[in-house]
Amino acid sequence: MDKVLLAEIEALQQELNKAALGDDDLDLLSRVVADVTTLTSEDAADQGAEHHALRERLRQVATRFEVSHPRLAGAVERLANTLSSLGI
């Protein structure tokens, strides 16, 4: 896995550990992180649509937490941007 991507995932995990989230929000973010890890560790061939859908979900999650958890939202947005810059 790319070092920059790994650093962004770790930064998001740190923000998750700091944020006071309800079970539903924590579950949502945990699933997104798991999806990122799964999709980036698999062969990237024929996954363009899945990668696009994942980036969109990340951006939706960032928007959802923009007001209540801005640092968390920023970490999610940076992760989405990193995926995009890596062509994922």
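Predicted model: local features only at pLDDT ≥ 70, side-chain atom pairs only at ≥ 80, totals over all residues.

Author: Of the chain's 88 residues, 39% count as buried. Buried means under 20% relative accessible area, exposed over 50%, partly exposed in between (1.4 Å probe, protein chains only).

Reader: How many helices and strands in the chain?

Author: Four helices and zero strands. Both are DSSP runs, numbered from the N terminus: helices are H or I with at least four residues, strands E with at least two. The radius of gyration is 12 Å, close to the 12 Å the globule rule gives for 88 residues, so the chain is as compact as a globular protein of that length. That radius is over C-alpha atoms; the rule is 2.2 Å times the number of residues to the power 0.38.

Reader: What box do the C-alpha atoms fill?

Author: Roughly 35 × 25 × 20 Å, along the principal axes.

Reader: Switching to Asp25. Which helix is it in?

Author: Asp25 sits in helix H2, residues 23-41.

Reader: Is Asp25 buried or exposed?

Author: Buried, with a relative accessible area of 19%.

Reader: What is Asp25 in contact with, leaving aside neighbours within four places in sequence?

Author: Arg64 and Phe65. Contact means heavy atoms within 4.5 Å.

Terms used
Residues numbered from 1 in each chain as written. Heavy atoms only, no water.
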